[in-house]
Amino acid sequence: MNEVKPNKKPLIFYWLIALAVLFLLNMLVFPSVLKNQVTEVDYGTFMSMTEDENIGTVMIGTDEITFTDKENANVYKTGNLNDPNLIENLYAAGATFSKVATEEMNPILYYLISLVLPIALMVLLSRYLSKKLTERMGNNPTIMQFGMGGGQKTGKVYVKSDTGIKFSDVAGEEEAKELLQEIVDYLHNPQKYSEIGANLPKGALLVGPPGTGKTLLAKAVAGEANVPFFSISGSEFVQMFVGMGAAKVRDLFSQAKEKAPCIVFIDEIDIIGKKRDGQIGGNDEREQTLNQLLTEMDGFDANNGVVILAATNRPESLDPALLRPGRFDRRIPVELPDLQGRIDILKVHGAKVKMSGNVDYAEIAKAAAGTSGAELANIINEAALRAVRQGRNKVQQQDLMESIEVVIAGYQKKNKILSDKEKLIVSYHEVGHALVAALQTQSAPVQKITIIPRTSGALGYTMQVEDGEHYLMSRTEIENRIATLTGGRAAEEIIFNEITTGASNDIEQATKLARAMVSRYGMTEKFGMVAMENVTNQYLGGDATLACSNETQTKIDDMVVSIVEKQHDKAVQLLKDNIGKLHEIAKYLYEHETITGDEFMEILYKKD
Ligand code: ADP
Ligand code: MG
Ligand code: ZN
């Protein structure tokens with residue numbers, strides 16, 4: 001996709017031309033227009049012209065005499081000195097007595113021509129120039145600020161080019177592609193739809209977590225559809241000056257209507273589309289912008305070929321008016337990729353770098369559970385960088401495996417060495433987690449554990465095994481998960497009789513799970529199926545707000561504490577029953593700094 005290239009000539013260049021033109025007008029044109037009229041001369045000149053018989057027509061007024069030369073080319077004027085011989089002399093010189101047609105300008109006209117005309121010209125010229133420029137440069141803020149001309153054009157026009165992004169560049173996300181494909185198809189042959197009486201959805205809203213390819217999908221639609229593509233980000237509407245946002249929306253849509261059929265893409269629409277909260281002194285500017293957007297979306301009928309795509313990762317914060325049918329009537333979920341999706345994304349991006357033959361994308365995809373498309377793209381790139389760093393010209397499997405950890409947990413810290421005591425604690429902590437998990441599920445809980453500090457601050461890193469795709473979690477599974485999370489701290493307690501700060505993240509996650517069991521999943525006998533919390537931020541970490549009385553809140557807190565405590569006790573018991581294995585595996589990890597899932601299971605089930 002190619003944005004129309006801005007013209008590089010600076011604005012000042014055009015202003016200089018404008019000034020030069022004005023200067024020339026003033027020097028050459030105006031003097032002749034204005035002064036060619038009547039020349040005022042002294043009486044002596046009149047007398048000598050009379051003597052030279054160089055008078056054409058003459059008109060004698062009470063105060064002044066107006067006359068022309070013999071050729072009637074110039075008009076002159078002089079005062080009347082009441083010379084008694086005047087008439088006689090003039091007659092002798094052969095002058096004609098008649099009305100001299102003076103074109104003397106009346107003062108208002110003169111004022112108009114000399115002052116108003118240049119200004120008017122200037123304004124017209126600048127309007128024309130800025131219109132020309134905005135057309136050429138697309139959206140250039142310097143022109144906006146210049147502000148002389150109207151016609152501020154806002155949306156960037158993207159024209160299709162050979163390098164355009166296609167649906168094939170977007171891996172996975174089959175459902176989203178299918179829904180968008182229909183829009184593309186409509187833009188190609190609208191009559192197929194209008195014949196049967198179907199209306200194209202006016203707008204489609206792409207929702208999903210960050211980095212899942214929403215922006216990419218919108219660009220692919222533009223690449224496939226072969227129609228003009230206006231792209232603007234929500235933040236571009238937010239301006240210092242009140243009213244500018246609304247003006248931009250108006251402008252964007254008026255341009256789009258001219259270019260129809262076309263696609264308008266509003267990225268990060270939540271910035272302008274937030275719920276209007278009706279607070280006094282609320283954000284007027286944003287509300288005006290939103291109102292304008294709502295009006296514009298109503299303002300064109302469904303079949304004029306303007307399709308609006310928008311993307312957001314905060315759909316719950318959008319104003320309901322924006323989501324009602326007739327505006328964004330189609331909602332397209334763009335979720336984190338599943339295993340097959342991750343494999344496909346790795347393939348798409350892997351094709352851009354040189355891979356050695358042994359690369360197994362499935363293994364990478366399994367190890368990179370829970371990553372987004374953006375992270376997977378980054379993993380490939382990190383792997384390529386690592387290969388270069390090590391002087392190779394092909395990416396190998398180990399580059400990819402290492403870069404998963406880099407992308408998720410940060411680079412290995414080369415100079416941060418754990419003290420022996422710390423290293424021992426981290427070993428027991430990590431093995432504590434893994435052992436509790438393994439004992440509960442009877443399967444390998446981890447792919448790999450390392451105790452090399454990372455730049456993200458993590459002292460160790462555990463690569464979880466993905467236990468297949470699943471969308472439901474049973475109560476037992478959640479409880480086991482909480483037990484696993486407390487396993488690290490439990491191991492520290494048993495072995496060192498001391499606890500450290502290393503468990504803070506585990507504690508946070510365990511608490512979240514336990515709280516959700518009580519307040520969202522209805523997994524307690526006491527409350528049953530009553531929601532005590534509402535999720536407000538589904539795609540950005542899943543924050544929740546409490547929706548219950550203070551008394552209930554206290555009870556919830558008590559229950560959360562008891563759930564976590566119960567699982568912690570379970571973890572302690574499991575570790576105590578298997579303390580021999582705990583020592584053995586932790587020792588192995590301490591010595592090797594790394595243990596794989598297979599090695600782990602081998603030690604665990606080894607008969608001694
Ligand atoms: P967002 O959903 O936050 O708008 P983007 O569309 O900007 O995410 O994705 C960022 C980058 O991640 C893309 O440019 C692309 O390289 C990569 N990416 C994300 N999802 C996919 C996908 N499904 N297929 C291929 N690449 C993807
Ligand atoms: Mg985006
Ligand atoms: Zn831990």
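Predicted model: local features only at pLDDT ≥ 70, side-chain atom pairs only at ≥ 80, totals over all residues.
## Overall make-up

The protein has 608 residues, of which 43% are buried. Its secondary structure consists of 23 helices and 17 strands.

Among contacts with a sequence separation of 6 or more, 72% join residues 24 or more positions apart. The protein exposes about 32000 Å², and 55% of that area is supplied by carbon and sulfur atoms.

## Helix α2

Helix α2 spans residues 43-51, and its buried residues are Y43, F46, M49 and T50. Viewed down the axis of α2, these residues fall within an arc of 125°, so they line one face of the helix. The cover over the buried residues of α2 includes the strands β4 (64-68) and β5 (75-79), together with helix α3 (86-92).

Both ends of the helix have a feature to note. The N-terminal end of α2 is capped by D42, which places a side-chain oxygen 3.0 Å from the backbone nitrogen of G44. Just after α2, E53 adopts a positive phi of about 55°.

## The zinc site

Ligand 3 is a zinc ion, coordinated by H429 through NE2, H433 through NE2 and D506 through OD, at 2.0 to 2.1 Å. Along the chain, the donors follow the spacing H-x3-H-x72-D.

## The site of ligand 1

Ligand 1 is surrounded by 15 residues, and the closest are A171, G211, K214, T215 and H349. Three helices each supply at least two residues of this shell: α8 (214-225), α14 (339-350) and α16 (373-389). The largest share comes from α8, with 3 residues.

Several polar atoms of the protein lie by oxygen atoms of ligand 1. A polar side-chain atom of T215 is 2.6 Å from one such oxygen atom. For G213, a backbone N or O atom lies 3.1 Å from an oxygen atom of the ligand. For A374, a polar backbone atom is 3.5 Å from an oxygen atom of ligand 1. On its own, ligand 1 has 560 Å² of accessible area, and the protein covers 79% of this.

## V227, a buried loop residue

V227 sits in the loop between helix α8 and strand β9 (229-233). Helix α8 is also the helix that gives the largest share of the shell around ligand 1. V227 has a relative accessible area of 10%. Since a residue counts as buried under 20%, V227 is buried despite its place in a loop.

Which residues does V227 contact, leaving aside its neighbours within four places in sequence? They are L187, A222, P261, C262 and I263. A further residue, A260, is 33 residues from V227 in sequence, while the C-alpha atoms of the two are 8.2 Å apart in space.

How values were computed:
Residues numbered from 1 in each chain as written. Chains lettered and ligands numbered in written order. Heavy atoms only, no water. Buried < 20%, exposed > 50% of the residue type's maximum accessible area, 1.4 Å probe, protein only. Helix = DSSP H or I, 4+ residues; strand = E, 2+ residues; numbered from the N terminus. Arc of directions from axis to C-beta. Contact = heavy atoms within 4.5 Å. Polar contact = N/O pair within 3.5 Å; in protein donor to acceptor, adjacent residues only side chain to side chain. Donors = N, O, S within 2.8 Å, 3.2 Å for Na, K, Ca; no water. Near = heavy atom within 4 Å. Areas by Shrake-Rupley, 256 points an atom, 1.4 Å probe, with all protein chains shown as cover.
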